[in-house]
Amino acid sequence: MSRDVTVATIRRRLAEEVGRLDKHAPWRIALAYPSPYRTGMSSLGFLQIYKSIQNEPDMAADRAFLPDDEHGPRAVPLTYESLRPLSDYPVIAMSVAYELEVAGVIRLLEASGIAPLREERSFRDPFILAGGPLTNSNPLPLAAFADAIVMGEADTLAVDVLRILRDTPSREAALDALAKTPHVFVPARHGASMPGIAQCDDELLPAWAPIRTPDTELSNMFLIETERGCSRGCTYCVMRRSTNGGMRIVPKDKILGLIPEDARRVGLVGAAVSDHPKIVEIVRTLAERGCEVGLSSLRPDKLSDEFVGALKLAGYRTLTTAMDGTSERVRETLDRRARIRHLERAAEMARKHGMPRMKLYLMIGVPGEEDVDVDECVRFVTQLSQQIPIALGIAPFCPKRNTPLAQAPFAGIDVVNARLERLRRGLKGRADVRSTSAKWAWVEAVLAQGGEAEGRAVLDAVHAGGTFAAYKRAFEAFTPKKPKKSLTIVASA
């Protein structure tokens with residue numbers, strides 16, 4: 001019964017898609033995303049790799065996703081283009097965005113009848129290839145499950161790797177060949193020594209998504225990069241200016257020329273979209289075409305009256321920007337340019353252009369943060385809320401590899417929750433305060449600093465039900481006698 005439901009869902013979604021690149025080819029791989037369709041089809045990187053494979057002669061990609069919850073725990077993932085199980089394919093290529101999706105990798109493989117641990121698979125099983133945003137920081141937890149991992153920007157490298165897998169006669173020979181390929185991490189050959197991350201040729205930018213669909217987080221939105229990387233030096237961010245050449249800007253005319261005339265919703269994507277020197281012109285041009293426009297990042301120091309006016313014209317109802325930290329002192333620690341005057345000015349402009357509210361993103365639990373910083377946040381947001389209704393979106397700080405704060409400790413679940421409660425009490429009736437879970441932020445922090453052992457712990461946690469308690473027990477069981485710093489910083493239930 002679950003297969004019939006899955007097939008019906010796939011057929012409905014295929015009928016609603018615009019821009020799919022249907023293709024017949026003698027060699028087909030499964031291109032999988034370890035989260036449900038709604039999330040995977042909102043991933044520009046995933047869709048860029050799909051497009052690259054479909055443009056390669058004699059090669060094609062059939063998409064697959066983690067089954068939706070309503071399909072039941074026994075639902076078998078099927079590819080959208082061929083309605084085949086993943087076990088039928090020679091290669092399963094997966095895009096992994098962040099640490100908690102390691103559990104999705106495990107669930108996707110096990111639901112397909114494939115052993116998740118690489119050493120338990122034979123030459124008869126699909127070759128598991130991984131890549132995605134996680135490789136910019138720490139893909140070591142994936143090493144327990146992936147046969148090979150493409151590091152960094154895979155716009156063309158993914159196809160190069162697939163050619164090797166297609167043309168090499170055996171799995172062992174393929175592993176040997178890939179181990180010699182720059183920017184490809186082969187755990188069975190490299191151990192824990194990861195190669196550097198790849199950077200694609202700037203001429204290949206921007207990435208853009210060929211498929212639009214209503215059944216996603218970004219319904220019917222055409223996604224396109226305006227830039228790649230970032231020119232800023234934020235101490236917590238893996239996309240800071242030292243990563244892959246910093247910010248690489250796509251010319252305005254190239255961006256506008258790639259957007260289909262029939263696209264009514266356009267998503268401008270990048271780590272620092274509002275830093276594009278022509279961003280106001282791009283947004284205004286699209287608005288005048290009749291497009292609703294969304295931007296993935298707005299920095300308050302870049303907001304001008306003209307910019308906010310263009311956003312309003314392009315359909316913005318809430319001005320969303322980054323407050324970054326709870327106080328000026330904390331923002332200095334993070335090397336962020338957001339200042340009180342920028343946020344006050346943003347609130348003034350949002351009100352002037354008729355936006356009903358303003359949303360601010362910030363982190364809590366940043367190294368060195370104290371209760372006085374939270375109190376400063378309460379005072380400032382209270383003052384700001386007198387100009388315009390305020391909503392706060394909060395994420396606990398998570399130290400990532402390849403950043404200046406990589407060795408900083410996670411604040412602790414109890415500490416984060418206490419500061420969140422202090423913030424909520426102080427802003428009750430003045431601002432809407434919402435935060436991601438401190439417990440799951442701790443799990444993310446352990447994986448962000450962890451290695452293959454932590455990845456194997458995720459397997460045990462998934463088998464034990466995937467609850468926070470299951471993760472806590474699994475990480476404790478895998479803690480070596482001389483524990484790593486990253487595994488001793490928190491153990492709060």
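Tutor: The buried residues of α17 pack against α4 (102-111), α14 (413-427), α15 (438-449) and α16 (452-463). Contact here means heavy atoms within 4.5 Å, and helices (H or I, at least four residues) and strands (E, at least two) are DSSP runs, numbered from the N terminus. The model is predicted, so local features need pLDDT of at least 70 and side-chain atom pairs count only at pLDDT 80 or more, whereas totals for chains, interfaces and linings use all residues. Residues are numbered from 1 along each chain as its sequence is written, and side-chain values use heavy atoms, with hydrogens and water left out.

Helix α17 spans residues 468-478, and its buried residues are Phe468, Ala470, Tyr471, Lys472, Ala474 and Phe475. Buried means under 20% relative accessible area, exposed over 50%, and partly exposed in between (1.4 Å probe, protein chains only). Phe468 counts as buried because its relative accessibility is 10%.

Rings of Phe, Tyr and Trp (its six-membered ring) pair if their centres lie within 6.5 Å; planes under 30 degrees apart count as stacked, over 60 as edge-to-face and the rest as tilted. By this rule the count comes to 11 aromatic pairs. Trp440 is partly exposed, at a relative accessible area of 29%.

Elsewhere, Tyr33, Tyr37, Phe46, Phe65 and Tyr80 form one aromatic cluster. Two arginines lie over ring faces: Arg63 over Tyr50, at 5.4 Å from the ring centre, and Arg84 over Tyr89, at 4.2 Å. A charge sits over a ring if NZ of Lys or CZ of Arg is within 6 Å of the ring centre and within 35 degrees of the ring normal.

As for the whole, the protein has 17 helices and 15 strands, and buried residues make up 57% of its 493 residues. Among contacts with a separation of 6 or more, 73% join residues 24 or more positions apart. The radius of gyration, taken over C-alpha atoms, is compared with a globule rule of 2.2 Å times the number of residues to the power 0.38. For 493 residues a compact globule would have a value near 23 Å, and the protein agrees at 23 Å.
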